[in-house]
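User: Could you walk me through this structure slowly? I am new to reading models like this one.
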Amino acid sequence: MRWWWIPLGLFALFVGLAGYQLSQPKDEFVHSAMIGKPLPSFALEPAFEGLPGASDADFRDGKPRLLNVWASWCLPCIAEAPHLEALRDQGVEIIGIAIRDRPEDVAGFLARHGNPYVRIGADDLSEVMLGIGSQGVPETFVIDGEGRITYQHMGDIRASDVPVLLEKLREAGA
Amino acid sequence: MRGLLVLLAALFAAPLIAQQTMPPAPYAYRQLDDPAQEAAAMKLMHTLRCLKCQSQSIADSDAPMAGDMRHQVRSRIAAGEDPEAIRAWLIERYGDYVSYEPKVSATTWPLFVAPVALLLVAGLVLWRRLRLRKTT
């Protein structure tokens with residue numbers, strides 16, 4: 001073995017590593033680091049006239065709930081709307097956080113795509129979104145009865161995600 | 001069919017976000033009045049990752065979320081918070097990935113050790129060569 005095998009081997013290692021990483025599918029999701037931690041305190045104004053606003057206290061009465069981060073301008077939110085309604089029909093309480101939205105747009109979206117929410121808070125500065133480590137809309141968090149975040153679903157809810165969320169709610173004590 | 005719909009939706013999602021009519025957060029594009037505070041905010045914002053456009057810092061990005069993160073940084077600095085405390089607040093929520101300034105930890109220590117080790121090896125090789133040349 002000659003000594004120059006060492007740098008050549010190192011070089012080949014780097015090329016191999018880079019090639020392998022390049023061939024891997026890219027994961028754009030940045031998962032929240034807040035799983036297992038309590039919701040930060042917040043109190044949001046109602047996003048439109050039809051429903052009350054939302055605060056962290058609404059999650060602390062012993063019943064696990066879903067916190068849905070969404071917006072009327074978000075197209076994947078239209079795709080997940082029927083699945084949120086399916087969850088509501090199974091007795092799940094869903095509290096919405098509307099990101100940078102207008103009351104008339106929120107009302108219009110709910111009239112067109114259905115309203116699965118019991119409360120919707122208006123998060124005009126994305127403060128709650130940043131506070132719970134959410135990357136954007138749509139995202140759904142499972143919150144246990146003490147206001148602790150136990151699970152994060154990133155992206156729109158598909159039909160196959162409904163049983164998963166129900167199971168996570170059960171684990172949280174529903 | 002649903003998959004196709006979602007794909008179609010994703011295609012239109014980006015331009016729609018660009019068309020959002022909500023005004024940006026107050027401090028998304030407005031500088032702080034105190035130049036020293038603005039400089040501290042700028043320095044921090046250049047080292048925080050935009051989570052929507054992940055190769056940019058929040059100082060460089062025009063994504064609405066980056067604007068909201070700039071608003072957080074500026075309003076917290078205006079309230080007297082330490083820049084590193086704001087970074088720590090974000091790391092607590094999004095993990096180390098949100099910061100462009102790596103800290104020594106169980107997974108990142110090779111980043112810091114490798115250059116020193118390489119320098120030591122190079123120095124050793126150089127030293128031996130020079131010594132060999134002198135003796136011959």
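User: What pattern does chain B follow, read along the sequence?

Analyst: Before that, a word of caution: this is a predicted model, in which local features need pLDDT of at least 70 and side-chain atom pairs count only at pLDDT 80 or more, while totals for chains, interfaces and linings use all residues. Residues are numbered from 1 along each chain as its sequence is written, with chains lettered from A and ligands numbered from 1 in the order in which they are written. As for chain B, the pattern is α-α-α-α-α, and its secondary structure comes to five helices and zero strands. Helices (H or I, at least four residues) and strands (E, at least two) are DSSP runs, numbered from the N terminus.

User: How much of chain B counts as buried?

Analyst: Of its 136 residues, 21% count as buried. A residue is buried if 20 or more other C-beta atoms lie within 10 Å of its own, exposed if 12 or fewer, and partly exposed in between, with C-beta atoms placed from the backbone.

User: Switching to chain A, what is the strand order in the open sheet?

Analyst: The five strands of the open sheet run in the order β5-β4-β3-β6-β7 in chain A, with mixed pairing, where two strands pair if DSSP finds at least two bridges between them. The edge strands are β5 and β7 (149–154) of chain A, each of which pairs on one side only.

User: And in which sense do β4(A) and β5(A) pair?

Analyst: They pair in the parallel sense, over six bridges, and Ile94(A) has Tyr117(A) in β5(A) as its bridge partner.

User: Which peptide bond is cis?

Analyst: The bond from Val137(A) to Pro138(A) is cis, with omega near -15°, and Pro138(A) sits in the loop between α4 (127–131) and β6 (139–143) of chain A. For background, most peptide bonds are trans, and most residues other than glycine have a negative phi.

User: What is the phi of Arg100(A), then?

Analyst: Its phi is near 40°, a positive value in a residue other than glycine. Arg100(A) lies in the loop between β4 (94–99) and α3 (103–113) of chain A, and Arg100(A) is buried, with 25 other C-beta atoms within 10 Å.

User: Last topic: how many residues does each chain bring to the contact?

Analyst: Chain A gives 19 residues and chain B gives 24, where two residues are in contact if their C-beta atoms, placed from the backbone, lie within 7 Å. On the side of chain A that touches chain B, the largest share, four residues, comes from helix α2 (residues 75–89) of chain A.
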